[in-house]
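Visitor: Hi, I have a structure open and would like a quick tour. Can you walk me through it?

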Amino acid sequence: MNDLPGFAKRIFKSLARLGPIRGLTIVAMAAVACLNGHPGISVVSGALDRILFDAMGELYERGHSSTVVVVNIDGPTVGALGMHSQLEQPERFLARLKDARAVVLDLPFAPCSNDAALLRGMRENGRVVLTFPDCKKRGDAIAMLSPGSTLRAVAAGTGQRDITIGHFGVVDGFVPYVRVGDRIYPHAALEALRVAGLTPPVDPKRYLQPHAVAVGQVRADTVLTSLHNPADLPQYSYIDVLNGRIPDMAFAGKIVFVGHSMWLGEGSFQVSSLNTDDVSRAQLDALITEAVENGHLVRRLPGSTTIPVYILITLGLVLICMLVPGRRMHFAAIGWSALVFVVPLLLLAFHIWLPVGLLPIMCPLIYGFFAWDRHGRMVALLRRELAELRVISASIGSVQNARAHQTPVLWEGGELHNVKAAMRQIRAWQRLYVDVINQLPYPVFLTMSGKVTVWNAKAADVLSTPNTTEAALGDAVMQIEALVAESIRFHRNFVREVNWNGREHTLICEPLSAGAGESATEVASDNEAAVSHLVCLIDVADLKRVVSHDKLMLRHIAHDMRSPLSSILALIERRGLEVPASSISTGDDKAFLSDLRQQADYSLRVANGFMQLSRAEQLVREYFVPILLDDVAGQAIDRICVQAQQKSIALVGPGVVGNDALVLGDPGTLERALVNVLDNAVKYSPAHTTIEVWVTVERGDYFALHIKDQGIGMSEDSVRKLFEPFFQAQRRRDTDAGVGLGMPFVKTVIERHGGEVTVSSGLGIGTEFVIRMPAMRAG
């Protein structure tokens, strides 16, 4: 599964979330698509196919035949000559058509027809084609139903007129060859083209296909044709031709069909489902001849080809509705559904017909089902969001929450019944929360899943300053997202100093929530979950300038105090040595000198502590060098070992677990910080105990230096205040008093190195310091 491309993974995930209803719907649609190619389905869908076939045929510019002409025995002819079973003056009529390529007498003839004038005219013309009556029964009765043998002997050819009728009673093709007895008779259109000496551009035999007449019945060897509009077919009246009102040149090189348009004993035929115009038998045969002559024959795709196409279109639409997000799904679905009409239209240009079957019905049903399903999921999402927002609103208390009970958006049970009211309520809560964020006094950024998504008005002002370039804006956003990434990794808040538009700022990152019912740890372990953070940007340039000025003043004061205090201590010591003990009159004088010495010594240590703390705060990372953390710890142990030996305390370490603990730092101040920690451990540990020092690797990019003693320990309150200036934990009487600046010095040094100090302790069980330092990155 992990080796699959992203698109395939999306498909599998979507299929896994289908559920039984959607799954059964997709299976049903695929089954209907498979049945589309069955003849039984074509009986149901054939009406729509017929309309589409005729409509698409009209879109193509068909070539108009210049060789087919129809002569109709119409109303004026019947009025002038009367209605007769035989042609009136056939010899004279056929003489008018002497220049025609072929003449098709598309008329019913009695088997005993022996009209001498007709025989003479046929012999003189030499290109007359006779036709069988349109009768479904042949076999032994062929001799009775055919034109007389004398006529057939004189005729240039004889053809049958079998056709196929589709939906709406529309003629959709013809039968090119029919076996009658031991002979095969071509269709009258093919026989006329043969007599005329014209070769069709395509062989009709290539388009022979079985034709479904009805369910359970199959008639073979039919050709699907696209018939032209009969209104464009040249037609003349028999009486006009006979009387010479139509010049003989109008028929030169033509194939002339002669038939009744007044007497429709052989029936009338519809050639398009787009209109109700009927044509006579002779006109139909002329249109078929024109279609064959111009190559307007069409091959219907077999079921083995259409079924995969139907399944592809159906499943493609299903995947679009499942995978395409937002409103793009609607446009993609409509565009894909248009293939139902575009593909057959394109194939028809190559004389191939793809029946659309039930696809025009299935596509709207599939789209409607998934649109309804998406709407239902959206309503469910709104319902959940409203419920969560109501819980949030109730937890903070609001007037809107109280009013919500008067005009409820949710029914009892959580059913949504008013989407517009729900959206108004969501927008009202959203405006409330935005107003709250905008009231914050600092620029504030909100992140989701580690990416900056929203910021307040003050942050927008900072980002839109004239001095802020696009590169600077991108760098600022990257700094914020890097800080959030650290917060997610270590599951706590972070503070970092940054330079923004030439001024020093402090970024404070605070995790807000991990989603409903989830902790930050759970969210961090789930790549798809979202955790939100609030990042505050505080301009501290002016504040740091004031603090720096105050620190500089304190440093000067501490520096100036060191020399006088050292002199005072020296004078007190000299005075104590120069004056004999007998000359000091009272014990009060001794106590006075002792107190004076202690106060001066304390003041000097305070001054020294301030100077060390000031140096720690001035550390610059650019001047750090690579050092081994265990080496620095070893040097600190060497400096404190004499003091430990005097109390019979064993110093064990430093041991290293893992790779070399290489870090960037200032060796001197870092060693001084470790000496402070070890000095405290020795001071507050009883004799014959052990102090352990070791280094471990944490999370792959941090080293942790552990210093653990077996001393008297501290209370929880003392641990909380340990790094506050001048704080001193309860000490034993046999220990030297400090000034409360050693631990703040340690914390400042470690933080300037990008690390942190944590302390765990308990009364009577000892204390453990853990100093975490970032590992030096390669390169």
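Visitor: Of the contacts between residues at least 6 apart in sequence, what percentage join residues at least 24 apart?

Guide: The figure is 72% for the protein chain. Contact means heavy atoms within 4.5 Å. One caution: this is a predicted model, where local features need pLDDT of at least 70, side-chain atom pairs count only at pLDDT 80 or more, and totals for chains, interfaces and linings use all residues. Residues are numbered from 1 along each chain as its sequence is written, and side-chain values use heavy atoms, with hydrogens and water left out.

Visitor: How many helices and strands are there?

Guide: The protein chain has 26 helices and 28 strands. Both are DSSP runs numbered from the N terminus: helices are H or I with at least four residues, strands are E with at least two.

Visitor: And what share of the residues is buried?

Guide: Of 779 residues, 41% count as buried. Buried means under 20% relative accessible area, exposed means over 50%, and partly exposed lies in between, using a 1.4 Å probe and protein chains only.

Visitor: Let's pick a sheet. In what order do the strands of the five-strand open sheet run?

Guide: The order is β23-β25-β26-β28-β27, with mixed pairing. Strands β23 and β27 (756-762) stand at the edges with a single partner strand each, so one side of each has no neighbour in the sheet. Neighbouring strands are turned by 15 degrees against each other on average, direction ignored.

Visitor: What holds strands together in general?

Guide: Strands of a sheet pair through backbone hydrogen bonds, either parallel or antiparallel.

Visitor: In which sense do β25 and β26 pair, and over how many bridges?

Guide: Strand β25 (residues 690-698) and strand β26 (residues 702-708) pair in the antiparallel sense, over seven bridges. Two strands count as paired if DSSP finds at least two bridges between them. Thr696 has Ala704 in β26 as its bridge partner.

Visitor: Which strands does helix α24 touch?

Guide: Helix α24 (residues 667-683) packs on the sheet and touches β25, β26 and β28. Its direction makes about 135 degrees with that of β25. Helix α23 (residues 629-646) lies across β23, β25, β26 and β28 (766-774), and runs at about 175 degrees to β23. For these angles, axes are lines fitted to C-alpha atoms, for helices over the stretch in contact, and angles run from 0 to 180 degrees between N-to-C directions.

Visitor: Now Asp660. Is that one buried or exposed?

Guide: Asp660 counts as exposed because its relative accessibility is 62%. It is in the loop between β23 (650-656) and β24 (662-665).

Visitor: What does Asp660 touch, leaving out residues up to four places away in sequence?

Guide: Asp660 touches Leu628 and Phe703. Asp660 and Leu628 are 32 residues apart along the chain, and their C-alpha atoms are separated by 7.0 Å.

Visitor: New topic. How many aromatic pairs turn up in the whole structure?

Guide: The search finds seven. Rings of Phe, Tyr and Trp (its six-membered ring) pair if their centres lie within 6.5 Å; planes under 30 degrees apart count as stacked, over 60 as edge-to-face and the rest as tilted. Phe132 and Tyr185 are 53 residues apart, and both are buried.

Visitor: Why is the pair of Phe369 and Phe370 called edge-to-face?

Guide: Their planes are at 85 degrees, so the pair is edge-to-face, and the ring centres are 5.3 Å apart. Ring pairs link Phe369, Phe370 and Trp372 into a cluster.
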